Amino acid sequence: MSNSTIQTTATFPEPMHAYNPVTEPQLFNAVIRKRCVAFLIDAVMIAVLTGIAFVFVAVLGVLTLGLGWLLFGLIFPIVGLSYNAFTIGGPKSSTIGQRMMGLAVPMWYGGKVTPLIAAFHALLFWFSLTLFFPILLWCFFDSRKRCLHDILAGVLVINRLAARETVAV
């Protein structure tokens, strides 16, 4: 028997990003500033929706003789994750605040974000915000202006109007 070893080295091509910051810098101009303002708008929207849900659960608690009040602890996580899942994962691919600021959230390869990925993205954001806030500064060093939770979820945040112009050309 011969004692030979088979060596194989697989080389995989570099993944192609749909949006290039070198050739399309207009997609990433002022994205960080717009994201901060969009976050504040979305925080107000989530607070309003949470307030409405609090009233609903309070009435439900009265009707169920206090049993419904056990849901109070779940209101904010459910409202926040649902808001992100159905807005970013919806047909317009952005939250209300992001739409107001002219932003869109596609996948890194150009596809649409699903509601499950949008909820995962929001969960990663809230973990990074509450556990280690300085990790959000990563976007200042990334060429695509992505935070670490964007990279882990596989999404980008780009200027919506610039994306339309790029597709139209």
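Aspartate 142 forms a salt bridge with arginine 146, and their closest N and O atoms are 3.9 Å apart. The model described here is predicted. It holds two salt bridges, and a search of the whole structure finds zero disulfides. The points below cover the charged pairs, the cysteines, the nonpolar cores, the backbone and the surface.

**Salt bridges**

- Aspartate 142 is buried, as its relative accessible area is 15%.

**Cysteines**

- A disulfide is a covalent bond between the sulfur atoms of two cysteines.
- For cysteine 147, the closest cysteine sulfur is that of cysteine 139, at 4.0 Å, which is too far for a bond, because a disulfide requires the two sulfur atoms to be within 2.5 Å.
- Cysteine 147 counts as buried, at 7% relative accessibility.
- For cysteine 36, the closest cysteine sulfur is likewise in cysteine 139, but at 7.2 Å, again too far for a bond.
- Cysteine 36 counts as partly exposed, with a relative accessibility of 48%.

**Nonpolar cores**

- The largest nonpolar core has 11 residues. Its members are Val31, Ile88, Leu103, Val105, Met107, Val113, Ala118, Leu124, Ala153, Val155 and Val157.
- Apart from this core lies another one, of seven residues, among them Tyr19, Leu27, Ala104 and Ile158.
- Valine 157, a member of the largest core, is in contact with Phe28, Val31, Arg35, Leu103, Ala104, Val105 and Asp150, leaving aside its neighbours within four places in sequence.

- Alanine 30 has a phi near 60°, a positive value in a residue other than glycine.
- Alanine 30 is placed in the segment before α1, and it counts as partly exposed at 34% relative accessibility.
- Serine 93 has a phi near 55°, which is also a positive value in a residue other than glycine.
- The loop between α2 (72-88) and α3 (96-100) contains serine 93, which is buried with a relative accessible area of 11%.
- Threonine 95 lies in the loop between α2 and α3 and counts as buried, at 1% relative accessibility.
- Apart from neighbours within four places in sequence, threonine 95 is in contact with Asp42, Tyr83, Asn84, Thr87 and Ile88.

**Nonpolar surface patch**

- Val44, Val48, Leu49 and Ile52 make a nonpolar surface patch of about 350 Å².
- Valine 48, one of these four residues, lies in helix α1 (residues 31-63).
- Valine 48 counts as partly exposed, because its relative accessibility is 47%.

Conventions. Residues numbered from 1 in each chain as written. Predicted model: local features only at pLDDT ≥ 70, side-chain atom pairs only at ≥ 80, totals over all residues. Heavy atoms only, no water. Patch = residues over 30% accessible without salt bridge, like charges linked within 9 Å, V, L, I, M, F, W, Y side chains within 5 Å. Areas by Shrake-Rupley, 256 points an atom, 1.4 Å probe, with all protein chains shown as cover. Salt bridge = Lys/Arg side-chain N within 4 Å of Asp/Glu carboxyl O. Helix = DSSP H or I, 4+ residues; strand = E, 2+ residues; numbered from the N terminus. Buried < 20%, exposed > 50% of the residue type's maximum accessible area, 1.4 Å probe, protein only. Contact = heavy atoms within 4.5 Å. Core = buried A, V, L, I, M, F, W, Y, C linked by side-chain atoms within 4.5 Å.
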